[in-house]
Amino acid sequence: MSHLKEREEKNCLNCNAVIYGKYCHICGQENIHPKESAWHLVTHFFQDITHFDGKFFSTLKLLIFRPGFLSREYMNGRRANYLNPIRMYVFSSAIFFIIFFSVFHVDENTLKINGDTNGVAFDTINAMDSAAFSKFTAGINFSLHKDSMPMTREEFKEFINRSADSGTIKFFRTSTYRTKESYDSALSAGTIHDGWIKRTFMYKQIELSQKYRGKQRELISVFANMLLHSTPQLLFVSLPLFALLLQLLYVRRKQYYYVNHAIFTVHLFIFIFIALLAIFGINELSSLTNYSWLKYISILIGLLIIFYNYKAMRNFYQQGRAKTIFKLLLLHTANFFIILILFVFFVFFSLFKI
């Protein structure tokens with residue numbers, strides 16, 4: 001509520017409807033003078049933030065300690081005292097993924113790829129004493145059907161560089177095509193009869209081989225980070241599908257509409273975000289303090305997520321223990337396959353975005 005003076009005129013400045021009372025019954029705008037001071041603007045801003053925080057934390061408390069309660073309150077129409085679940089999901093998921101991407105990322109300098117001259121494997125071999133190094137490089141020459149003569153360290157470095165530079169990315173082991181032109185020629189000549197799907201992957205394989213020749217670590221790093229940054233989209237897509245599974249499981253409960261299942265899913269996902277943030281924090285604390293026993297707390301929180309899901313379903317759908325446990329098992333079994341399918345889709349999606 002604003003502290004500005006109420007207007008004497010009884011027409012809404014927003015929609016021009018006749019006002020009965022202090023608020024417009026059409027659009028809800030408060031009938032106050034539009035002119036406000038800078039001080040009022042600042043105080044109104046902090047009042048809104050405080051109001052949001054107060055409602056957020058009171059809603060959060062109920063969400064954590066009373067599984068399924070908020071979903072039932074929303075279903076029964078009691079909503080004014082709680083933060084809107086969609087707003088809460090957006091806020092909590094934003095915080096979650098900011099922390100998630102700061103904790104999880106793939107650095108190409110940490111990857112170990114065979115044939116990469118900057119890799120740890122090369123450094124280790126190059127650090128061998130003379131006798132061991134000679135025996136090792138002689139074995140390489142013998143395996144390549146060359147004279148089993150040892151290499152010098154410079155020759156070994158050149159060998160590694162040639163191996164890395166000549167390396168190609170392969171989706172198909174039998175593929176030997178290095179350019180699109182040679183592959184298209186084979187298709188035109190009828191030497192090979194690849195379908196549309198295989199042709200698409202072959203073109204991508206040739207493109208990546210040319211772009212990342214000798215840079216396997218960079219390719220893996222780019223792909224892994226792109227896939228990692230697809231996690232928000234994957235979860236966003238899985239949310240309505242999870243709600244659909246709930247609707248199928250409770251199809252005989254006619255009082256529950258799809259929206260009710262969706263709100264239940266939103267509240268559940270928010271709790272999962274909070275629990276995972278707690279796990280991230282405990283694991284980080286464990287690595288900093290070397291207290292290995294803290295990892296057991298992370299395991300307990302993981303089990304708590306499953307127990308919370310059970311309690312939320314029991315309280316919201318109000319069925320017995322046996323039925324709820326059975327439906328919980330069905331729910332997570334079906335959801336596992338859905339997530340697996342979505343993951344495969346996002347793997348290919350990330351691959352073709354490179």
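Residues are classed here as nonpolar (Ala, Val, Leu, Ile, Met, Phe, Trp, Tyr, Cys and Pro), charged (Asp, Glu, Lys and Arg) or polar (the others, Gly among them). The structure is a predicted model, in which local features need pLDDT of at least 70 and side-chain atom pairs count only at pLDDT 80 or more, while totals for chains, interfaces and linings use all residues. Residues are numbered from 1 along each chain as its sequence is written, and side-chain values use heavy atoms, with hydrogens and water left out.

The largest pocket has a volume of about 590 Å³. A pocket is an open set of points on a 1 Å grid over the protein atoms alone, with protein on both sides within 12 Å along at least five of seven lines; its lining residues have an atom within 4 Å of a point. A volume is the space filled by probe spheres set on the points, which are joined across faces, edges and corners. The lining of the largest pocket consists of 24 residues, and L234, L235, S238, N335 and I339 lie nearest the centre. By class, 18 of the lining residues are nonpolar, six are polar and none is charged. At least two lining residues come from each of helix 9, helix 10, helix 11, helix 12 and helix 13; helices are DSSP runs (H or I, at least four residues) numbered from the N terminus.

Helix 13 gives the most to this lining, with six residues. It covers residues 321-353, 33 residues in number, and reaches 46 Å from its first C-alpha to its last, close to the 48 Å expected; the expected span is 1.5 Å times one less than the number of residues. Its buried residues (under 20% relative accessible area, 1.4 Å probe, protein chains only) are T324, K327, L328, L331, N335, L342, F346, V347, S350 and L351. Their cover includes helix 8 (196-211), helix 9 (216-228), helix 10 (231-249) and helix 12 (294-317).

Two cavities of 30 Å³ or more were found in the whole structure; a cavity is a set of grid points where a 1.4 Å probe fits but cannot get out. The largest cavity holds about 70 Å³ of space. Of its 13 lining residues, L63, G68, S71, H267 and Y308 lie nearest the centre. Helix 1 (38-65), helix 2 (69-75), helix 11 (258-289) and helix 12 each supply at least two residues of this lining, which has nine nonpolar residues, three polar and one charged.

The second largest cavity has a volume of about 30 Å³. It is lined by R7, C12, L13, I19, Q29, E30, N31 and I32, of which four are nonpolar, two polar and two charged.

Key:
Buried < 20%, exposed > 50% of the residue type's maximum accessible area, 1.4 Å probe, protein only. Contact = heavy atoms within 4.5 Å.
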